[in-house]
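Subject: Structure for you to look at

Hello,

Here is the structure I promised to pass on. Please open it first, then read my notes below.

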Amino acid sequence: MDIVVSKLSKSFGTNQVLVDFNITFPEQELTCLMGPSGCGKTTLLNILMGFILPDEGSVRGVPKLKSAVFQEDRLCESFNAISNIRLVCDRKVNTDKIISHLKKIGLKDSLDQPVSEFSGGMKRRVAIVRSILAKSDVLFLDEPFKGLDVETKKDAMQYLRDNMQGKTVIMVTHSIEEVKALNGRLITMSNSI
Amino acid sequence: MIFIMKNSYSGRRITEKIFAVVFALLVWQAGAMLLNNSMLLVTPITMVRRLFSLCLESDFLSAVSFSFIRIVSGFLVALVIGSILAGIAGKIHLAEVVIWPFIVTIKSVPVASFIILCLIWLSSRSLSVFIAFLMVLPIIYTNMLQGIKSTDNNLLEMAELFNVNWLKKLKYIYLPQLKPYIISACSVSIGLSWKAGTAAEVIGIPEGSIGEKLYEAKVYFSSGDLLAWTFVIILASITFEKLFLFLLKYFFKGLERA
């Protein structure tokens with residue numbers, strides 16, 4: 001089922017972020033949202049994820065099983081990478097599977113250490129694996145490759161490409177290379193929307 | 001190099017503390033010698049001698065265990081009920097409003113008033129349980145509620161999005177967030193529970209308690225007994241505090257490793 005956003009408006013005080021915004025996210029496809037800072041990309045994701053309510057308009061077709069890579073990593077800092085992923089997974093996802101996914105994205109060492117001791121890039125990759133291993137029909141990615149170096153970013157993009165099939169994916173990004181590499185449909189948002 | 005500096009710094013602090021304790025003992029000794037009246041103040045050596053003789057008395061262990069069981073029970077019950085109430089108040093605003101006057105009253109009413117009131121309601125044997133409970137409850141409740149309120153909203157949103165169940169939320173989000181609040185509340189309230197619990201026993205004079213021994217020391221003007229029993233109370237309080245905090249920290253470590 002497609003996710004359909006109709007006549008969506010949202011403002012924070014006097015700042016109108018979204019005005020009469022319409023968009024359709026086709027089922028099982030990757031849609032990339034690009035645009036300048038403050039144009040409402042993250043606000044739109046937050047509305048789709050159910051964190052904030054719109055002032056006007058409607059959102060239909062958002063599946064119940066959702067998954068995300070947030071702008072911040074949102075990891076439980078005192079737990080290790082495996083525990084952080086286990087938190088959102090059902091029992092079918094065992095430790096071996098988690099470790100194999102972490103290895104695919106280039107995380108081989110320090111798996112038993114709390115993520116508070118991880119670098120920003122390592123945390124980001126844990127968040128990406130978590131979003132993939134959680135059972136979901138829709139995947140929200142808010143600048144998922146932020147803070148990754150060139151090589152790691154390549155691995156992470158490859159990992160996402162290999163594992164996001166069958167899901168509706170909505171990605172916020174500032175990089176056209178990421179859109180091309182993941183072969184997504186590009187929607188450009190502007191402040192005047 | 002840093003390691004050596006740290007070691008020498010902690011060594012210096014220990015030396016300073018030993019010096020301070022020795023100085024305090026010397027002041028005590030000098031004061032007792034100046035007064036020269038064992039009814040008013042005994043010397044530290046006399047107190048230690050009395051402490052050893054107390055330990056050999058037949059009812060020493062039973063008095064210590066009588067008070068220990070009751071005061072610790074009061075503390076543990078307050079820990080459980082305070083945590084549950086804070087959990088409910090953190091979730092339901094109305095509950096926080098309803099609980100608020102009770103907590104404020106318990107906090108502001110003098111402990112002596114509670115003791116006398118409880119003596120009318122309860123037997124003196126269970127008085128220290130209730131008083132320790134009353135003294136600990138507001139501290140646990142207030143700290144836990146503050147901890148719950150300051151839980152990272154980003155993590156709660158994440159858990160909501162991923163449909164994380166409440167048990168996992170408790171283990172991965174709430175408990176690690178509450179850890180400093182629980183530890184600080186317990187470390188403050190354990191000492192307080194002992195102070196209030198023994199005060200209740202001195203007023204209620206339950207048979208076979210430390211409070212009764214303190215009361216007898218007062219009746220017979222025996223400052224040696226008074227100081228020896230006080231030392232026993234401090235020792236029991238510190239031992240329980242260290243043991244409990246060690247177990248609490250061990251629990252949190254195990255939780256993070258699991």
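In chain A of this predicted model, strands β1 (residues 3-12) and β2 (residues 15-25) pair in the antiparallel sense, over 7 bridges. One pair to look up is A:Lys10, whose bridge partner in β2(A) is A:Leu18. The hairpin of β1(A) and β2(A) has 2 residues between the strands. A:Gly13 takes a positive phi there, near 65 degrees.

Next, the parallel sheet of chain A. It is open and has 5 strands, in the order β5-β6-β7-β3-β8, with parallel pairing. The edges are β5 (66-69) and β8 (185-188) of chain A, and each of these pairs on one side only. From one strand to the next, the twist averages 15 degrees. Inside the sheet, β6 (residues 138-142) and β7 (residues 168-172) of chain A run parallel and are joined by 5 bridges.

Now chain B. Its secondary structure comes to 10 helices and 0 strands. The pattern along the sequence is therefore α-α-α-α-α-α-α-α-α-α. The C-alpha trace of chain B spans about 75 × 65 × 30 Å along its principal axes. Chain B has 258 residues, and buried residues make up 31% of them. Take the contacts in chain B between residues at least 6 apart in sequence: 74% of these join residues at least 24 apart.

One helix pair is worth a view of its own. Helices α6 (residues 127-149) and α8 (residues 166-204) of chain B pack with their axes 7 Å apart, at an angle of about 160 degrees. That angle makes α6(B) roughly antiparallel to α8(B), because the cut-off for this class is over 145 degrees. The crossing of α6(B) past α8(B) is right-handed. Sorted by class, the residues of this contact are 18 nonpolar, 10 polar and 1 charged.

Helix α8 of chain B also holds B:Trp194. Is B:Trp194 buried or exposed? B:Trp194 counts as buried, because it has 26 C-beta neighbours inside 10 Å, and 20 or more are enough for that label. Setting aside neighbours within four places in sequence, B:Trp194 is in contact with B:Ile71, B:Ile233, B:Ala236 and B:Ser237.

Last, the interface. Here 12 residues of chain B are in contact with 15 residues of chain A. On the chain B side, the elements that give two or more residues are α7 (153-161) and α8 of chain B. Which of the elements gives the largest share of that side? It is α7(B), with 5 residues. By class, the side of chain B that touches chain A divides into 8 nonpolar, 1 polar and 3 charged residues.

Best wishes

Key. Residues numbered from 1 in each chain as written. Chains lettered and ligands numbered in written order. Predicted model: local features only at pLDDT ≥ 70, side-chain atom pairs only at ≥ 80, totals over all residues. Axes fitted to C-alpha atoms, helices over the stretch in contact; angles between N-to-C directions. Helix = DSSP H or I, 4+ residues; strand = E, 2+ residues; numbered from the N terminus. Parallel < 35°, antiparallel > 145°, perpendicular 65-115°, else oblique. Left-handed = near helix turned anticlockwise from the far one by under 90°. Nonpolar A, V, L, I, M, F, W, Y, C, P; charged D, E, K, R; others polar. Pairing = 2+ DSSP bridges. Contact = placed C-beta atoms within 7 Å. Buried ≥ 20, exposed ≤ 12 C-beta atoms within 10 Å, placed from the backbone.
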